[in-house]
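Hi,

Here is the structure I promised to pass on.

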Amino acid sequence: MSDVRDFLSLYFVMGSVDCKKDPLDVLDEAIQGGITIFQFREKGKGALTGLEKYRLAEKLFERCRLHHIPFIVNDDVDLALSLEADGVHVGQEDEAAKRVRDKIGNKILGVSVHNLKEAQAALADGADYLGLGPIFPTKSKEDAKAACGIEMIQYLRENKIDAPLVAIGGITEQTAADVIRAGADGIAVISEICHADHITEKTKRLYAHVIHAKHQN
Ligand SMILES: Nc1nc(C(F)(F)F)ncc1COP(=O)(O)OP(=O)(O)O
Ligand SMILES: [Mg+2]
């Protein structure tokens with residue numbers, strides 16, 4: 001795979017709990033709208049487990065494969081390995097990034113970070129990209145930390161964190177361009193796409209904001 005940075009522009013993160021309708025339809029519509037990478041994040045109250053979770057992941061992965069969109073699994077390294085997913089995303093409270101790297105070989109490894117120290121440690125552990133956030137307050141993650149603000153993107157870049165970096169947490173159409181102008185390679189969204197009345201149109205607008213801002217940088 002070419003540098004993961006190229007795929008980070010519009011990162012759709014979703015699980016069945018986030019969807020108001022069939023997750024397969026939600027993903028299909030988001031793909032039509034131009035998402036560039038997808039993360040299966042099945043967690044929270046009512047999340048699927050076991051075979052149901054595996055079957056949904058398989059179907060979502062199939063959709064991504066058809067459209068050459070990287071399929072990333074959140075938290076669940078064993079599920080990622082059994083599916084032969086394109087990569088895994090882990091946070092500070094999940095399995096240590098270094099151990100995950102040993103398990104997944106050269107698959108994509110994303111690590112959540114909230115500050116400079118965590119960013120430096122994640123890269124030392126072999127992260128291919130950083131998920132920085134929450135940038136703004138979010139309702140999609142029950143145990144989210146306090147919002148770190150757009151300033152943290154700039155602060156990491158000023159402190160020589162040049163690695164691929166996607167920003168996440170409460171990002172909307174109104175704030176997407178500011179996040180890119182601050183130095184992120186892309187935005188990650190859950191509810192901004194999942195809760196949209198017209199998912200494909202919303203996704204197209206988000207993509208347009210990101211690409212336009214990238215061309216200005
Ligand atoms: N899932 C995520 N995806 C990203 C992405 F890179 F996609 F922007 N960044 C951050 C997170 C948060 O990851 P984590 O801290 O483990 O919490 P959770 O497992 O509840 O998502
Ligand atoms: Mg996690």
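First, the ground rules. This is a predicted model, so local features need pLDDT of at least 70 and side-chain atom pairs count only at pLDDT 80 or more, while totals for chains, interfaces and linings use all residues. Residues are numbered from 1 along each chain as its sequence is written, chains are lettered from A and ligands numbered from 1 in the order in which they are written, and side-chain values use heavy atoms, with hydrogens and water left out.

Helix packing

Helices (H or I, at least four residues) and strands (E, at least two) are DSSP runs numbered from the N terminus. Two packed helices are described by the angle between their axes and the distance between the axes. The axes are lines fitted to C-alpha atoms, for helices over the stretch in contact, with angles from 0 to 180 degrees between N-to-C directions. Angles under 35 degrees count as roughly parallel, over 145 as roughly antiparallel, 65 to 115 as roughly perpendicular and the rest as oblique.

Start with α1 (residues 23–33) and α9 (residues 199–216): their axes are 7 Å apart, at an angle of about 40 degrees, so the pair is oblique. On the α1 side, Val26, Glu29, Ala30, Gln32 and Gly33 meet Ile199, Thr200, Thr203, Lys204 and Tyr207 of α9, where contact means heavy atoms within 4.5 Å. By class that contact has four nonpolar, four polar and two charged residues. Here Ala, Val, Leu, Ile, Met, Phe, Trp, Tyr, Cys and Pro count as nonpolar, Asp, Glu, Lys and Arg as charged, and the others, Gly among them, as polar.

α1 also packs on α2 (residues 50–66), at about 20 degrees and with the axes 10 Å apart, which makes α1 roughly parallel to α2. This crossing is right-handed.

α9 has another partner in α7 (residues 173–181), with an angle of about 25 degrees and axes 8 Å apart, so α7 and α9 are roughly parallel. Their contact divides into six nonpolar, two polar and five charged residues.

Annotated sites

UniProt (unreviewed entry) puts "domain: Thiamine phosphate synthase/TenI" on residues 10–193; its annotations are in the numbering used here, with shortened feature names, and may be inferred rather than shown by experiment. That span is 39% helix and 19% strand, with its end C-alpha atoms 11 Å apart. The same record lists Gln39, Phe40, Arg41, Glu42, Lys43, Asn74, Ser112 and Lys141 under "binding site". Of these, Gln39, Arg41, Lys43, Asn74, Ser112 and Lys141 are in the lining of the largest pocket. (On a 1 Å grid over the protein atoms alone, a pocket is an open set of points with protein on both sides within 12 Å along at least five of seven lines, where a 1.4 Å probe fits; a cavity is a set it cannot get out of, and lining residues have an atom within 4 Å of a point.) Phe40 sits in strand β2 (residues 37–40).

The Gly133 to Pro134 peptide bond is cis, with omega near 5 degrees. Asp75 has phi near 70 degrees, positive in a non-glycine residue.

Cheers

Conventions
Left-handed = near helix turned anticlockwise from the far one by under 90°.
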